[in-house]
Amino acid sequence: MKIATWNVNSLRVRLEQVLDWSAAGQPDLLALQETKVTDDKFPVEALESAGWTLQYAGQPAYNGVAVLAREQLERLADALPGFEDDARRLLAVRSGEIVLVNIYVPNGQSVGSEKYDYKLAWLETLVSYLQALRKEYSQIVVVGDYNIAPEDRDVNDPVAWEGKVLVSEPERAAFRQMLALGFEDGFRRFEQPEESYSWWDYRQGGFRRNRGLRIDHVLLTPELAGRCRAVTIDREPRGWERPSDHAPVVAEFD
DNA sequence: ATGGCCTGCAACGCAGGA
């Protein structure tokens, strides 16, 4: 079984890439972020024709999350439960025994800004939600664009990034709170290439120079982590023409 | 030193991203 996550930065722009990439890699569950499409314009036909079962939660212009699956999906939540607004940044589904939480954490803009406070509040509510889910389910995978580089080794130039948004200590503390609930960073369960990143700035040849951050993650409860055989970042689509600025992350299970 | 790219929206520039 494979579970994948990919911030596509507009599903309509990246639809052919999603179809090509998923046809080649055959994930069983594929979580997408930043679909940037309202539900009435979601490309249902193209994806269903490719054999996918769909769940999606979109809004105009920004955010938007979706889950593509081979099997039937039950929707558990289409926004972060208990949060002040219903921005389409979370989609929780159940597929058999597995609960998949697909998240697009707010970017935060800059440390100290209003958006940064919003990000920290969103993360605090997320931790509460995951804690509640943990009491009800055992096999939970939380995937998506966390907009947090958990450690300095997840940052191409830690000195330049020190204290900045995506790297700041309060954000990293929020990430560690999820680990403290019992979730494991799937990627770090395995030996990985040095300087592994999942996002590269479009500007300044960021990808070519590997000036990136690892901000897309797969967190696993121990019950699922024990079955996990690999977590990899697939850099290939980032090198395609007109790419998303994020690479997909793939987790493989027995 | 600065910003350098991309997307959607709506309108010909902006907000937002990371």
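Val141 touches Ile3, Ile98, Leu100, Val218, Leu220 and Leu224, residues up to four places away in sequence being left out; contact here requires C-beta atoms, placed from the backbone, within 7 Å. Val141 also belongs to the largest nonpolar core, which has 68 residues and in which Leu100, Val141, Val142 and Val218 touch the most other members. Strand 7 (residues 98-104) gives the most to this core, with 6 residues. Such a core is a set of buried Ala, Val, Leu, Ile, Met, Phe, Trp, Tyr and Cys residues joined through C-beta atoms within 7 Å. A residue is buried if 20 or more other C-beta atoms lie within 10 Å of its own, exposed if 12 or fewer, and partly exposed in between, with C-beta atoms placed from the backbone.

The model is predicted: local features need pLDDT of at least 70 and side-chain atom pairs count only at pLDDT 80 or more, while totals for chains, interfaces and linings use all residues. Residues are numbered from 1 along each chain as its sequence is written, and chains are lettered from A and ligands numbered from 1 in the order in which they are written.

Strands (E, at least two residues) and helices (H or I, at least four) are DSSP runs, numbered from the N terminus.

Tyr56 is found in strand 3 (residues 53-57). Tyr56 counts as buried because 23 C-beta neighbours lie inside 10 Å. Beyond neighbours within four places in sequence, Tyr56 is in contact with Thr35, Asp39, Phe42 and Ala66.

Most residues other than glycine have a negative phi. Asn9, although not a glycine, has a positive phi of about 50°, and lies in the loop between strand 1 (2-7) and helix 1 (11-25). Asn9 is partly exposed, because it has 18 C-beta neighbours inside 10 Å. Glu34 also has a positive phi of about 50°, in the loop between strand 2 (29-33) and helix 2 (44-49). Glu34 is buried, with 23 other C-beta atoms within 10 Å.

Notes. Contact = placed C-beta atoms within 7 Å.
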